[in-house]
Amino acid sequence: MPDSQIRLLTESDTEDWLALEQEAFDDACSEAQLKAFLAGKRYLAYGLLEGEVLVAYAVYSVILDEAELIKIAVRKTHRGQRIADQLMVTLNDELHGQGVLKVMLEVRESNRTAIALYQRLGFSLDGRRKDYYPLLHGREDALLMSLGLQ
């Protein structure tokens with residue numbers, strides 16, 4: 001992608017980050033929650049920018065040699081371009097360079113697009129959390145996935 005960069009997000013990115021968060025998720029984080037990610041020592045929040053426009057982000061929680069993907073989102077106008085692939089490959093390399101050996105995540109069973117992304121990147125299915133996510137009428141399972149970094 002021309003003129004794209006991946007970098008740690010800062011408080012000056014909060015307004016754009018919040019707008020992308022609200023576009024991507026029905027249960028979006030608040031501005032205070034995003035700022036808590038920035039302030040938390042164990043969290044890493046990265047953005048992919050085209051010029052000055054935040055088009056994707058990912059938040060990881062890192063504890064010792066393991067990381068958990070907390071959130072990832074791509075602007076609707078940029079979906080289908082494998083931007084999430086690019087972001088995660090770059091960040092997995094960055095995390096490995098910091099001594100992380102394993103990345104874990106959970107995903108809604110119905111989120112086929114995300115599951116396909118994770119499978120493309122080599123994540124394996126480790127298990128499921130029954131009825132983990134709320135739905136309008138009922139509950140939905142969470143799939144647990146992980147990737148060893150080498």
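## Basis of the model

Local features of this predicted model need pLDDT of at least 70, and side-chain atom pairs count only at pLDDT 80 or more, whereas totals for chains, interfaces and linings use all residues. Residues are numbered from 1 along each chain as its sequence is written, and side-chain values use heavy atoms, with hydrogens and water left out.

## The largest pocket

The largest pocket holds about 1,200 Å³ of space; a pocket here is an open set of points on a 1 Å grid over the protein atoms alone, where a 1.4 Å probe fits, with protein on both sides within 12 Å along at least five of seven lines. Its lining comprises 35 residues, a lining residue being one with an atom within 4 Å of a point, and Phe-25, Ile-72, Asn-111, Ala-114 and Tyr-118 lie nearest the centre. Two or more lining residues come from each of α1 (14–24), β4 (66–74), α3, β5 (102–108), α4 (112–120) and β6 (124–135), where helices (H or I, at least four residues) and strands (E, at least two) are DSSP runs numbered from the N terminus.

Strand β4 gives the largest share of this lining, seven residues. By class, the lining has 17 nonpolar residues, six polar and twelve charged; Ala, Val, Leu, Ile, Met, Phe, Trp, Tyr, Cys and Pro count as nonpolar, Asp, Glu, Lys and Arg as charged, and the others, Gly among them, as polar.

## Helix α3

Helix α3 runs over residues 83–97 and reaches 21 Å from its first C-alpha to its last, close to the 21 Å expected at 1.5 Å a residue, the expected span being 1.5 Å times one less than the number of residues. Its buried residues (under 20% relative accessible area, with a 1.4 Å probe and protein chains only) are Ile-83, Ala-84, Asp-85, Leu-87, Met-88, Leu-91, Asn-92 and Leu-95. The helix is followed by Gly-99, whose phi is positive, near 95°.

## Charges over rings

The charged end of Lys-71 sits over the ring of Phe-25, 4.0 Å from its centre, and that of Arg-129 sits over the ring of Tyr-132, 5.4 Å from its centre; the criterion is NZ of Lys or CZ of Arg within 6 Å of the ring centre and within 35 degrees of the ring normal.

Leu-64, in the loop between β3 and β4, has a positive phi of about 55° although it is not a glycine, and Leu-64 is exposed (over 50%) at a relative accessible area of 78%. Asp-131 lies in strand β6 and has a positive phi near 55°, while its relative accessibility of 37% makes Asp-131 partly exposed, the class between those two cut-offs.

How values were computed:
Grid points are joined across faces, edges and corners, and a volume is the space filled by probe spheres set on the points.
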